[in-house]
Amino acid sequence: MPASEKVPRAMAPRFAAITALTDAFCDKHLNDEYRALIHRVVGSLARKRPSPLLKGREEVWAAAAVHAVGRMNFLDDPSQNPHCTPNAIYAFFGIAESTGQNKSREIRELLGMNPMSHRWLLPSRLADNPLVWMLQVNGFMVDIRNAPLELQRLAYEKGLIPFVPAERSATGE
C-alpha cells in the first residue's frame, strides 16, 4: 500500500468511501496521476488528529479534494489536458458550488497547499512550474535552477524543492 494510502484503522472505511467517489471522477474526467495526488490529499486528511473527514458528507470531501488538487494544478485552464471546470466537479458530486469552494479552501489551508508547495503538484508538471523553483536566498528571490549545484542540493535536503535540477538535467530525465 502506498504511503499516501496508509491511514489509521479507524479512518480506513471513510478513506475508502471518499476515494471510491474520487476514483469514479478520475475515471471519467482525469487520469491516474491526478488519482494518486487526490489519494495523497485524502490520506493526509485521514491522518490528522482529529481527522476533519469525520464530519460532513463524503461527497463534499470528495469534491473538495478534487477541486483542491485541481486548483493547485490549473485544472480549470482550458489549455491543460486534462481540463475540468469547478462547476463540472461540483455537479458530478451533486453538491453546491459554495459548499465545495468552502471545503476546498479548508483543505488547502489544513494542508498548506499553495502553488509553490511542490508536494501537491502533479509530478509531470513540476519541472515546468516556475513557482516551485523560486526561493529566497539572502533576502533575494532566485530561481534555484540557476543556482550553483551545492545550493540546489541544500534546498533539496531541506525539502524546499522536489529534486536537484542540475542532477536531473545531467542524467537527461
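## Contacts and overall build

Start with who touches whom: in this predicted model, 62% of the contacts in the protein chain with a separation of 6 or more are between residues 24 or more positions apart. On burial, 43% of the 173 residues count as buried. The chain exposes about 9,300 Å², with carbon and sulfur atoms supplying 53% of that area.

As for the parts list, the protein chain has seven helices and two strands. Reading from the N terminus, the order is α-α-α-α-α-β-β-α-α. The radius of gyration is 17 Å, close to the 16 Å that the globule rule gives for 173 residues, so the chain is as compact as a globular protein of that length. If you want dimensions, the C-alpha trace spans about 50 × 35 × 30 Å along its principal axes.

## Aromatic pairs

The protein has four aromatic pairs. One of them joins phenylalanine 25 to phenylalanine 92, edge-to-face, with 5.0 Å from centre to centre and 80° between the planes. Phenylalanine 25 belongs to helix 1 (residues 12-29) and phenylalanine 92 to helix 4 (residues 86-93), so this pair ties together parts that are 67 residues apart in sequence.

The two partners have their own surroundings. Phenylalanine 25 has 0% relative accessibility and counts as buried, while phenylalanine 92 is partly exposed at 33%.

## Leucine 37 and its neighbours

Leucine 37 is in helix 2. Its relative accessible area is 3%, and the cut-off for buried is under 20%, so leucine 37 counts as buried. Leaving out residues up to four places away in sequence, leucine 37 touches Val69, Asn73, Arg119, Trp120, Leu121 and Leu122.

## Two cis prolines

Most peptide bonds are trans, but here are a couple that go the other way. The bond from arginine 49 to proline 50 is cis, with omega near -10°. Proline 50 is in the loop between helix 2 (32-47) and helix 3 (58-72).

The bond from asparagine 81 to proline 82 is also cis, with omega near 5°. Look for proline 82 in the loop between helix 3 and helix 4.

## Positive phi without glycine

Most residues other than glycine have a negative phi. Phenylalanine 74 is not a glycine, yet its phi is positive, at about 55°. This residue is found in the loop between helix 3 and helix 4, and phenylalanine 74 is partly exposed, with a relative accessible area of 40%.

Asparagine 138 also has a positive phi, near 50°. You'll find asparagine 138 in the loop between strand 1 (134-137) and strand 2 (140-143). With a relative accessible area of 72%, asparagine 138 is exposed.

## Around strand 1

Leucine 135 is part of strand 1. Its relative accessible area is 13%, which makes leucine 135 buried. Once residues up to four places away in sequence are set aside, leucine 135 touches Phe140, Met141, Val142, Ile144, Ala155, Leu160 and Ile161.

Leucine 160 is on that list of contacts. It is 25 residues from leucine 135 along the chain, and their C-alpha atoms are 8.1 Å apart.

## Threonine 99 in helix 5

Last stop: threonine 99, in helix 5 (residues 97-111). At 33% relative accessibility, threonine 99 counts as partly exposed. Tryptophan 61 and threonine 99 are 38 residues apart in sequence, with 9.9 Å between their C-alpha atoms.

Conventions. Residues are numbered from 1 along each chain as its sequence is written. This is a predicted model: local features need pLDDT of at least 70, side-chain atom pairs count only at pLDDT 80 or more; totals for chains, interfaces and linings use all residues. Side-chain values use heavy atoms; hydrogens and water are left out. Helices (H or I, at least four residues) and strands (E, at least two) are DSSP runs, numbered from the N terminus. The radius of gyration is taken over C-alpha atoms; the globule rule is 2.2 Å times the number of residues to the power 0.38. Buried means under 20% relative accessible area, exposed over 50%, partly exposed in between (1.4 Å probe, protein chains only). Contact means heavy atoms within 4.5 Å. Accessible areas come from the Shrake-Rupley method with a 1.4 Å probe; for residues, only the protein chains shown count as cover. Rings of Phe, Tyr and Trp (its six-membered ring) pair if their centres lie within 6.5 Å; planes under 30 degrees apart count as stacked, over 60 as edge-to-face and the rest as tilted.
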